[in-house]
Amino acid sequence: MLGERRAGERRSTCAPEDPVTTTDHRTRLAHVPARRTVGATLRGYVALTKPRIIETLLVTTVPTMFLAAGGLPPAWLVLATLFGGILAAGGANTLNCYLDRDIDQVMHRTRNRPLATGAVSPRGALVFGLVLSVASVLWLGLVVNWLSAALAAGAIAFYVLVYTMVLKRRTPQNIVWGGAAGCMQVLIGWAAVTGSLGWAPFVLFLVIFLWTPPHYWPLSMRFEDDYAAAGVPMLPVVASDVSVARRVVAYSWGMVGASLLLVPVAPTGPVYAASALVLGAVFLVEAHRLLARARAGVVGSRLNPMRLFHFSITYVSLLFVAVAVDPFVRF
């Protein structure tokens, strides 16, 4: 049963309750709309695009373009592709916020988002998200190429229609399949340079696909009570810490294996190979440590799933730095 507590396995992760704004399972108190100054409204629209998520997506795009070009691609192409990627990710994230505005009001982690506070109106968010999405496809198609535009359109549709509207609230495997939308940036970057696709970008796609669960499940473990209160069946809500940690370990091994598969497929040189080995080894150590703590019955802050979450960001950033540097350092 969703949100069912198991003795000794669940942690209270919510902030102390505020009698004015806190909601429970029975009653949701209406948020008083924030006063809409021009500056606050602009900041609200920017926040809807989830800039920090966009940073993570785009950090994979430029290195992929370097690998596809075997060196430096034209600067205008990189900038044009990045701009299109920002529009696409921003549009998808905004539409995600629009569709999730009800649960964002319930969750402590998201209750300060613009739609939850009233800084932006639902209609304004919907129009903004649609405009960004359409603009991204047109920009990429007219300025870069239509293959990259089609891939961007597919990523937006998958994230909004499949993940947000279907998977997120219905299955604990939501983040596994929903993460496919975030993998599309590597295909877009490769297609922007070559006008085609090949095995190398699909290997990078697989790396990000397998990276997403061990990146996001630790965050879900930290905010498990939030997801339970909102009725979202993230894996840590419906499974024990040990079960979640085992899957984190399994996906981590698959991710490291996929990262090493790029060496013969791309092919890449020693810089990337060494980086993938070292970074992968550290990731696996952290994943196994999380499993060991869960098996030992550690709960609360001592379980520390956020340690792996934070390192996962470092891992993907440094791995793709190695992808970018590798074409310039061949022995």
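This short talk describes salt bridges, aromatic pairs and a surface patch in one predicted model.

Good morning. The model is predicted, and local features need a pLDDT of at least 70, side-chain atom pairs count only at pLDDT 80 or more, and totals for chains, interfaces and linings use all residues. Residues are numbered from 1 along each chain as its sequence is written, and side-chain values use heavy atoms, with hydrogens and water left out.

I begin with charge. Side chains of opposite charge can pair when their charged atoms come close. A salt bridge here is a side-chain nitrogen of Lys or Arg within 4 Å of a carboxyl oxygen of Asp or Glu. How many salt bridges does a search of the whole structure find? The count is six.

Helix H15 has 26 residues and reaches 37 Å from its first C-alpha to its last. That is close to the 38 Å expected at 1.5 Å a residue, where the expected span is 1.5 Å times one less than the number of residues. Just after H15, Gly 297 takes a positive phi of about 85 degrees.

An α-helix has 3.6 residues a turn, so residues three or four places apart point the same way. Is Glu 286 buried or exposed? Glu 286 counts as buried, at 8% relative accessibility; buried means under 20% relative accessible area, exposed over 50%, and partly exposed in between, with a 1.4 Å probe and protein chains only. Arg 289 is partly exposed, at 43%.

Glu 286 also forms a salt bridge with Arg 307, at 2.7 Å between the closest N and O atoms. Arg 307 lies in helix H16 and Glu 286 in helix H15, so this pair ties together parts that are 21 residues apart in sequence.

Elsewhere, Asp 102 forms a salt bridge with Arg 169, at 2.9 Å between the closest N and O atoms. Asp 102 lies in helix H5 and Arg 169 in the loop between helices H8 and H9, so parts 67 residues apart in sequence are tied together.

I turn now to aromatic rings. Rings of Phe, Tyr and Trp (its six-membered ring) pair if their centres lie within 6.5 Å; planes under 30 degrees apart count as stacked, over 60 as edge-to-face and the rest as tilted. By this rule there are nine aromatic pairs. In one of them, the ring centres of Phe 66 and Phe 328 are 5.9 Å apart and the planes stand at 75 degrees, so the pair is edge-to-face. Phe 66 lies in helix H3 and Phe 328 in the segment after helix H16, so the pair ties together parts that are 262 residues apart in sequence. Phe 66 is buried, at 16% relative accessible area, whereas Phe 328 is partly exposed, at 45%.

By contrast, Phe 205 and Phe 209 are stacked, with 6.5 Å from centre to centre and 10 degrees between the planes. Both lie in helix H11, four residues apart, and are separated by about one helical turn. Together with Trp 177, Phe 205 and Phe 209 form one aromatic cluster.

Finally, the surface. A nonpolar patch, including Trp 76, Phe 83 and Val 143, has about 830 Å² of accessible area together. Patch residues have over 30% relative accessible area and no salt bridge; like charges are joined within 9 Å, and nonpolar side chains (Val, Leu, Ile, Met, Phe, Trp, Tyr) within 5 Å. Accessible areas come from the Shrake-Rupley method with a 1.4 Å probe, and for residues only the protein chains shown count as cover. The largest share of the patch, five residues, comes from H7. Thank you.

Technical notes. Helix = DSSP H or I, 4+ residues; strand = E, 2+ residues; numbered from the N terminus.
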